[in-house]
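Try each task before you read its solution, and keep the picture in view.

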Amino acid sequence: MFTLAMRVREGSITDEEIRALVSFTLQQGGIAYAEQAMTDYASRAMQEISELAGRSPLIAESLSRYTQFVLGRDV
């Protein structure tokens, strides 16, 4: 798998190899782990944003919407 990961980095990986990496990642729980980490970081970000809202409501609203957009993406 390390060799395939290096090929991703080089940009020389095939679609079949990408499918193999995705399958391996799913089997090992990597996707679930990444989703949980993303949720945790987003929660922390939303706490910081809520503190900013009193000082800069427009910026806080923009950051909040962006965070929600990133959470809702399906990659």
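## Exercise 1: Around E17

Task: Find where E17 sits, and decide whether E17 is buried or exposed.

Solution. Step 1: E17 has its place in helix α2, which spans residues 15-27. Helices here are DSSP runs of H or I with at least four residues, strands are runs of E with at least two, and both are numbered from the N terminus. Residues themselves are numbered from 1 along each chain as its sequence is written, this is a predicted model in which local features need pLDDT of at least 70 and side-chain atom pairs count only at pLDDT 80 or more, while totals for chains, interfaces and linings use all residues. Side-chain values use heavy atoms, and hydrogens and water are left out.

Step 1: The relative accessible area of E17 is 18%. Buried means under 20% relative accessible area, exposed means over 50%, and partly exposed lies in between (1.4 Å probe, protein chains only). E17 is therefore buried.

Step 2: Now look at the partners. Leaving aside neighbours within four places in sequence, E17 is in contact with L4, R7 and S12. Contact means heavy atoms within 4.5 Å. With R7 there is also a polar contact between the two side chains, at 3.2 Å. A polar contact is a pair of N or O atoms within 3.5 Å; within protein, one must be able to donate a hydrogen and the other to accept it, and residues adjacent in sequence count only if both atoms are side-chain atoms.

## Exercise 2: Around L4

Task: Which residues does L4 contact, leaving aside its neighbours within four places in sequence?

Solution. Step 1: Locate L4 in helix α1. Step 2: L4 is in contact with I13, E17, A20 and L21, once neighbours within four places are left aside. Step 3: With a relative accessible area of 16%, L4 is buried. Step 4: For a sense of scale, the C-alpha atoms of L4 and L52 are separated by 42 Å, and these residues are 48 apart along the chain.

## Exercise 3: How α3 meets α4

Task: Describe how helix α3 and helix α4 pack, and say what angle their axes make.

Solution. Step 1: Two packed helices are described by the angle between their axes and the distance between the axes. Step 2: α3 (residues 30-52) and α4 (residues 57-72) pack at about 170°, with axes 9 Å apart. Axes are lines fitted to C-alpha atoms, for helices over the stretch in contact, and angles run from 0 to 180 degrees between N-to-C directions. Step 3: Angles under 35 degrees count as roughly parallel, over 145 as roughly antiparallel, 65 to 115 as roughly perpendicular and the rest as oblique. So α3 and α4 are roughly antiparallel to each other.

Step 3: On the α3 side, the contact is made by M38, T39, A42, M46, I49 and L52; on the α4 side, by I59, A60, L63, S64, T67, Q68, V70 and L71.

## Exercise 4: Confidence

Task: Where in the protein is confidence lowest, and where is it highest?

Solution. Step 1: pLDDT is the predictor's confidence in each residue, from 0 to 100. Step 2: The mean for the protein is 91, and 97% of its residues reach 70 or more. Step 3: Confidence is lowest in helix α1 (residues 2-10), at a mean of 86, and highest in α3, at 95.
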